[in-house]
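Here is a guided walk through one protein chain. Keep the structure in view and follow along.

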Amino acid sequence: MNKLIPDKVFCSVKEITPELLLKEGKKGVIFDIDDTLISHKMTLIPENIIKYISDLKSKGIRIALVSNGRPERVSVISQGLGLFATPKAGKPKKDALKSCLEHLDLPLEQVVFVGDQIFTDILCAKRNHLSGYLVKPIDKYENPFFYIKRVLEKPVLKKYYKRKK
């Protein structure tokens, strides 16, 4: 169960500021793409996300993207943001983050993985000995498979909030 509990929970990636990351000793971030940075329905990157990524980069934060999504979609987004990305990663497999971690070239304790799903993103972070930050999904409507996963995430989130008290 501990491998499923996020280190922190945020409403949005924009709450994960460069100042917060640096204060916590984080110099690198691996972001999930769909419903973490942008809606899984979008192909265009919103200006506020472009600015957010630019702000992180300007403070010296190294960034990589990882997704279980199709290479065509991931490529469009990574090129649009000027970032390294790994498509079809196979999260939560341990080696799903291997190329991102090699690209960032930082000690594990200086990297955080940010995603919107406990059973893929947070578990993947923990399996790689990284801090895992959970953000609320951008898109509320999802297919039945994701709906079931969100229901199963609720007891894990309860445990997270209980620990915070």
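Predicted model: local features only at pLDDT ≥ 70, side-chain atom pairs only at ≥ 80, totals over all residues.

H129 has a relative accessibility of 56%, so it counts as exposed, the cut-off being over 50%. This residue sits in the loop between helix 5 (118-127) and strand 6. Its backbone stands out too: H129 is not a glycine, yet its phi is positive, at about 60°. Most residues other than glycine have a negative phi, and most peptide bonds are trans.

Another loop, between strand 4 and helix 4 (98-104), holds K88. K88 counts as exposed because its relative accessibility is 60%. P92 belongs to the loop between strand 4 and helix 4 as well. The peptide bond that leads from K91 to P92 is cis, and its omega is near 15°.

Look at one pairing in detail. Strands 1 and 6 run parallel and are joined by 3 bridges. K8 has Y133 of strand 6 as its bridge partner.

Next, helix 3, which spans residues 71-81. Which of its residues are buried? They are R73, V74, I77, S78 and L81. Viewed down the helix axis, these buried residues fall within an arc of 120°, so they line one face of helix 3. E72, V76 and Q79 are exposed on the other side. The cover over the buried residues includes helix 2 (47-58), strand 3 (62-66) and strand 4 (84-86). Just after helix 3 comes G82, with a positive phi of about 65°.

That leaves the interior. In soluble globular proteins, nonpolar side chains tend to be buried together. The largest nonpolar core here has 26 residues, and F31, L37, I53, L65, L81 and V114 have the most contacts inside it. Elements that each supply at least two residues include strand 2 (28-32), helix 3, strand 5 (111-115) and strand 6 (131-135). Helix 2 gives the largest share, 4 residues. Beyond its neighbours within four places in sequence, I53 is in contact with F31, L37, I63, L81 and L83. A second, separate core has 15 residues, among them V66, A96, F113 and C124.

Notes
Residues numbered from 1 in each chain as written. Heavy atoms only, no water. Buried < 20%, exposed > 50% of the residue type's maximum accessible area, 1.4 Å probe, protein only. Arc of directions from axis to C-beta. Contact = heavy atoms within 4.5 Å. Core = buried A, V, L, I, M, F, W, Y, C linked by side-chain atoms within 4.5 Å. Pairing = 2+ DSSP bridges.
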